[in-house]
Amino acid sequence: MKKELGVKPYLFPMPVLMIATYNEDDTVDVMNMAWGGICANNMVALNIGEAHKTADNIKKRGAFTLSIADIPHLRESDFFGIASAHKMTDKFERSGMHAIKSDKVDAPIVEEYPVTLECKAAELQQTAYGFRVLGEIVNVLADEKVLNKDGNIEPSKLNAFVFDQFQNGYYAIGEKVGQAWDSGMELTK
C-alpha cells in the first residue's frame with residue numbers, strides 16, 4: 001500500500017552540479033545545486049533562486065561553467081552549497097580549490113572537478129515558477145583520468161555522487177547495472 005506524502009520535490013537521483021561564475025571583481029564564485037540538467041543535445045537548464053549571487057553573475061557575464069561534483073571534493077562541494085557569496089566574499093579561496101579562465105566563455109573552470117561543461121547563457125527566463133537559465137554547451141572538458149581507452153568519459157572513473165532530496169544525503173554512483181536501449185529489448189518481441 002502506498003502512503004500519500006503531499007507535494008514535495010521528490011525525485012532520485014538528483015545531480016550535484018557545480019556552477020562556476022565570475023563576480024563583478026573577477027573573483028570566482030561556485031554554487032552547488034541540484035535543480036538542473038541536460039534539456040537538449042547542446043543545452044542545460046538550471047533553476048536558480050534569483051537571490052543567489054550566481055544568478056546575478058550569469059545575468060552580468062552571460063556565461064558559466066557546470067561541473068560534476070566528485071567524492072574526493074565532497075566537502076568543498078557541500079561547502080559551496082552552504083556558503084553564500086553575498087555574505088562570504090572569500091568563499092572560493094576558503095575551499096582551497098583552483099580555477100583557470102575558460103578559453104570559450106567568460107567563466108572559470110574549477111581544476112579539481114573531472115568534467116566541466118563550458119556554457120553561454122542562451123536564455124534567461126522569468127516565470128511564475130522562478131528563474132531559469134538555459135545554457136548552450138560550447139565545449140566539454142574532461143580530465144584524462146576519467147577517460148576510457150576510446151577517449152570517452154567512463155562513469156565509473158568519475159567518483160560522482162548524487163543528492164537525495166528525501167533526507168538531504170549524498171550517495172556515490174558508478175556501478176553499471178544495464179545497457180540503455182538493450183536491457184529491455186527482449187520485451188519488444
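The accessible surface of the chain comes to about 11700 Å², and carbon and sulfur atoms account for 53% of that area. The model is a predicted one. Of the 189 residues in the chain, 38% are buried. The C-alpha trace spans about 60 × 45 × 30 Å along its principal axes. The radius of gyration of the chain is 18 Å, which agrees with the value near 16 Å that a compact globule of 189 residues would have. Four helices and 12 strands make up the secondary structure. Among contacts between residues at least 6 apart in sequence, 57% join residues at least 24 apart.

In soluble globular proteins, nonpolar side chains tend to be buried together. In the present model, the largest nonpolar core contains 20 residues. I19, L46, I48, F64 and L66 are the residues with the most contacts inside this core. At least two core residues come from each of the strands β2 (17-22), β3 (28-33), β5 (43-48), β6 (63-68), β9 (115-127) and β10 (130-142), and helix α1 (53-61) likewise supplies at least two. When neighbours within four places in sequence are left aside, the contacts of L66 are L17, M18, I19, V44, L46, V115, T116 and L117.

Helix α2 covers residues 74-82, and its buried residues are E76, S77 and F80. These three residues lie on the same side of α2, because they cover an arc of only 100 degrees around the axis. The exposed residues R75 and I82 are carried on the face of α2 turned away from the buried side. The packing partners of the buried α2 residues are β2, β3, α3 (91-95) and β11 (161-164).

C39 is located in strand β4, which runs over residues 36-40. C39 counts as partly exposed because its relative accessibility is 46%, a value between the limits of 20% for buried and 50% for exposed residues. Apart from neighbours within four places in sequence, C39 is in contact with V44, A45 and L134. The C-alpha atoms of C39 and L134 are 8.6 Å apart in space, while 95 residues separate the pair in sequence.

Note on methods:
Residues numbered from 1 in each chain as written. Predicted model: local features only at pLDDT ≥ 70, side-chain atom pairs only at ≥ 80, totals over all residues. Heavy atoms only, no water. Core = buried A, V, L, I, M, F, W, Y, C linked by side-chain atoms within 4.5 Å. Buried < 20%, exposed > 50% of the residue type's maximum accessible area, 1.4 Å probe, protein only. Contact = heavy atoms within 4.5 Å. Arc of directions from axis to C-beta. Rg over C-alpha atoms; globule rule 2.2 N^0.38 Å. Areas by Shrake-Rupley, 256 points an atom, 1.4 Å probe, with all protein chains shown as cover.
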